[in-house]
4 protein chains.
Amino acid sequence: MADRPVADGDFEARVRASFVRQKAMVTIGAELTLVTPGTVEIEMPYSPEFTQQHGFLHAGVISMALDSACGYAAYSLMPADAGVLTIEFKVNLLAPGKGERFIFRGSVTKPGRTIMVADGQAFAYDSEGGAKLIATMTGTMMTVVGREGIEG
Amino acid sequence: MADRPVADGDFEARVRASFVRQKAMVTIGAELTLVTPGTVEIEMPYSPEFTQQHGFLHAGVISMALDSACGYAAYSLMPADAGVLTIEFKVNLLAPGKGERFIFRGSVTKPGRTIMVADGQAFAYDSEGGAKLIATMTGTMMTVVGREGIEG
Amino acid sequence: MADRPVADGDFEARVRASFVRQKAMVTIGAELTLVTPGTVEIEMPYSPEFTQQHGFLHAGVISMALDSACGYAAYSLMPADAGVLTIEFKVNLLAPGKGERFIFRGSVTKPGRTIMVADGQAFAYDSEGGAKLIATMTGTMMTVVGREGIEG
Amino acid sequence: MADRPVADGDFEARVRASFVRQKAMVTIGAELTLVTPGTVEIEMPYSPEFTQQHGFLHAGVISMALDSACGYAAYSLMPADAGVLTIEFKVNLLAPGKGERFIFRGSVTKPGRTIMVADGQAFAYDSEGGAKLIATMTGTMMTVVGREGIEG
């Protein structure tokens, strides 16, 4: 997908600085592996601590990483003084969260001054590097400016 | 909400046994505090390890607990040999995940043999016990029978 | 549900004036039967012109009426000079659209200055007056002020 | 998108036969313009009878056509004796329904024996043929076999 116009040339530093403040991402072992204007990728290894009852990655963890990928995809296009909030998202779980590592990609489908819509895809990779689409997300993100406690 | 008809009188033991196998629930400090036919409640304390960049509970953790509450609400009505899978869910985040502890309630809106629809609500409690609705979920759950690896 | 605080005492006249300008509502035979602060009801008879392939009311028509009910529920709480736009909605279809007439109720779950979240329920009534919940909606609505072409 | 494997070689005739039985599609002036394995397109002209209060195509009509496109995309892959039901869908409205004609494309993202997930896109075309993405949908469809009244 082509890059989107950014409002702030320092978008990558801004996204990375905010990401490391998301303690939930650190806790699940997630890393930011790609930051381009309007598209962000997050990777994490399989972790038995974040499984559901069948031993697969919990749908909620998949959603958490997809939400962050979509939120930062939107945030990458926002002005320097803005914060990002997720208004809502929908996840479809297409296949079990079974794999050695997982990649979560978020891309802005519709930029906007106040509201941005982003779509996400989660892929599971097995030990041979084969990828499988395991979930998709559509999320609505909001640009917040001048609200105390909401920076980044 | 009135109790729903169950397919298995041992539903509570079955739900509790499956819940403890959800390692992600243990990891986030969640506990099963209510199991009735068609309604389940999960509680968790605020934990700095599961926050987003503004220090609030991460939307993904809220979704994780709501997904479990909705999934087990559906599972409580299923036959003894069935497993439950989440097909999809949507979350609306109504207020920041700010509080001392959180309660996640899932209730079956529409029971069904193959497909169940459940609705969830997340509440944040402050130190004085005041509750605030912070998120809602609608999820679609599927009854799975005879699929290897999907028990409970 | 208790009434919500309104921003404009003339909310009912404002909602009714906008509704009659929704030609799609006139075309499907829908009527506004309840307008209270934060809750709106719309009714329509079964019409063979708006069916899907099995002769039931088309899911899209159910969504259309639910979207209007949710949108006007939000609009009832908005200032006099605002317009309402639907950002997104999700519908769960719980039972076929089979009945003599249909009632669609929208209620604001979370009011807000810019964003409002509304939930909707669609009921089918048979010839004896028995009601059945056939669909639910969660929608996100936006208050728009000062955008040309978006009044009401 | 590459074609998906079909369960019935006569899929196109089957889709077209079902489509003409969707009276709601005839009523809004929609036509089936593309039927390939897993992807379906529907077109309709702008019609003042199906507008919302600002004169744009009603979000519900956009949803109705997207739902049909997604539903028939799924149906194209189903066995000859199956019927298709929409379990749920989510629509994001990205731009006003302003244009001379509209194209609605539905594609299966995840085929499955019981459950299929399809994604849809709605485009508005102006008088010079310029296209604009106005809405996206993600829908969950179900294969129904042997349920009376649900053929096609």
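This is a predicted model: local features need pLDDT of at least 70, side-chain atom pairs count only at pLDDT 80 or more; totals for chains, interfaces and linings use all residues.
The contact draws 31 residues from chain A and 31 residues from chain B. On the side of chain A that touches chain B, the elements giving two or more residues are the helices α1 (11–21), α2 (23–27) and α3 (59–75), together with the strand β3 (82–93); the largest share, 8 residues, comes from β3(A). Sorted by class, this side of chain A comprises 11 nonpolar, 14 polar and 6 charged residues.

At the contact, β3(A) pairs with strand β3 of chain B (residues 82–93) in the antiparallel sense, over 5 bridges, and A:Phe89 is found opposite B:Val91 in β3(B). This pairing is part of an open sheet of 12 strands with antiparallel pairing, whose order is β1(A)-β2(A)-β4(A)-β5(A)-β6(A)-β3(A)-β3(B)-β6(B)-β5(B)-β4(B)-β2(B)-β1(B). The edge strands are β1 (31–36) of chain A and β1 (31–36) of chain B, each of which pairs on one side only, and the twist from one strand to the next averages 20°. Within chain B, strand β2 (residues 39–45) and strand β4 (residues 101–110) are joined in the antiparallel sense over 7 bridges, with B:Phe104 in β4(B) as the bridge partner of B:Ile42.

Helices lie across strands of this sheet in both chains. In chain A, α1(A) lies across β1 and β2 (39–45) and runs at about 155° to β1(A). Helix α3 of chain B (residues 59–75) lies across β3 of chain A as well as β2, β3, β4, β5 (115–125) and β6 (131–145) of chain B, running at about 40° to β4(B).

Definitions and conventions: Residues are numbered from 1 along each chain as its sequence is written. Chains are lettered from A and ligands numbered from 1 in the order in which they are written. Two residues are in contact if their C-beta atoms, placed from the backbone, lie within 7 Å. Helices (H or I, at least four residues) and strands (E, at least two) are DSSP runs, numbered from the N terminus. Ala, Val, Leu, Ile, Met, Phe, Trp, Tyr, Cys and Pro count as nonpolar, Asp, Glu, Lys and Arg as charged, and the others, Gly among them, as polar. Two strands pair if DSSP finds at least two bridges between them. Axes are lines fitted to C-alpha atoms, for helices over the stretch in contact, and angles run from 0 to 180 degrees between N-to-C directions.
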